[in-house]
Amino acid sequence: MTTLKSKLHADLNAAIKERDELRSSTLRLTLAAITKEEVAGKEKRELSDEEITKVITREAKKRREAAEAFAQGGRAEQAEREKAEGEVLAAYLPKQLSDDELRQIVAQAVEEAKAAGAEGPRAMGQVMKIVNPKVAGQAEGGRVAALVKELLA
């Protein structure tokens, strides 16, 4: 078993023993998503820590979106629960880049793309190819894309 997955299992066991319903249900759902990802496709496989981080990121994003939807629908209690679950998952994700750090990385990538001859909005793809490996797991794609568009405009 990978180290991140075994940490999730250990934390789940601890949450169950502590009778922490929020953490235990959140970790159960996350482990179920990881297992689903492992058995998807033609053959069962073991996910790497990097792939597990992507699954956790996807689950955290679902929680954020659900919290927003519940808040807009006037269901504050449900929105708080989703936010709390998102915070539980955030503990397993790498530290997110600040706006300044992200802006610096994107600006550097824009300069690289301009040096390669790409300019304007059409350079978006090239810039994203440079930026994505550098910020993998540390910034959401939508946030990165918005900043790239802003700096290319």
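For these notes, two residues are in contact when heavy atoms of each lie within 4.5 Å. I'm working from a predicted model.

**Entry 1: the α1/α2 pair**

Helix α1 covers residues 3–17 and helix α2 covers residues 21–39. I looked up how their axes sit: they come within 9 Å and cross at roughly 150°. Angles over 145 degrees count as roughly antiparallel, so α1 gets that label relative to α2. I also noted the handedness, and α1 passes α2 in a left-handed crossing.

Next I listed who touches whom. From α1, I have K5, L8, H9, D11, L12, A15 and I16. On the α2 side, they meet R23, S24, L27, R28, L31, I34 and E38. Sorted by class, this contact has seven nonpolar, two polar and five charged residues.

**Entry 2: R143**

I then moved to R143, which I found in helix α7, residues 141–152. Is R143 buried, exposed or in between? Its relative accessibility is 27%, and R143 therefore counts as partly exposed.

Which residues does R143 touch, once I skip neighbours within four places in sequence? I get Q96, L97, S98, D99, L102 and Q138. With D99 there is also a side-chain link: a polar contact of 3.2 Å joins it to R143.

**Entry 3: a distance check**

Last, I checked R143 against K17. They are 126 residues apart in sequence. In space, I have them 38 Å apart, C-alpha to C-alpha.

Key. Residues are numbered from 1 along each chain as its sequence is written. This is a predicted model: local features need pLDDT of at least 70, side-chain atom pairs count only at pLDDT 80 or more; totals for chains, interfaces and linings use all residues. Side-chain values use heavy atoms; hydrogens and water are left out. Axes are lines fitted to C-alpha atoms, for helices over the stretch in contact, and angles run from 0 to 180 degrees between N-to-C directions. Helices (H or I, at least four residues) and strands (E, at least two) are DSSP runs, numbered from the N terminus. Angles under 35 degrees count as roughly parallel, over 145 as roughly antiparallel, 65 to 115 as roughly perpendicular and the rest as oblique. A crossing is left-handed if the near helix is turned anticlockwise from the far one by less than a right angle, and right-handed if clockwise. Ala, Val, Leu, Ile, Met, Phe, Trp, Tyr, Cys and Pro count as nonpolar, Asp, Glu, Lys and Arg as charged, and the others, Gly among them, as polar. Buried means under 20% relative accessible area, exposed over 50%, partly exposed in between (1.4 Å probe, protein chains only). A polar contact is a pair of N or O atoms within 3.5 Å; within protein, one must be able to donate a hydrogen and the other to accept it, and residues adjacent in sequence count only if both atoms are side-chain atoms.
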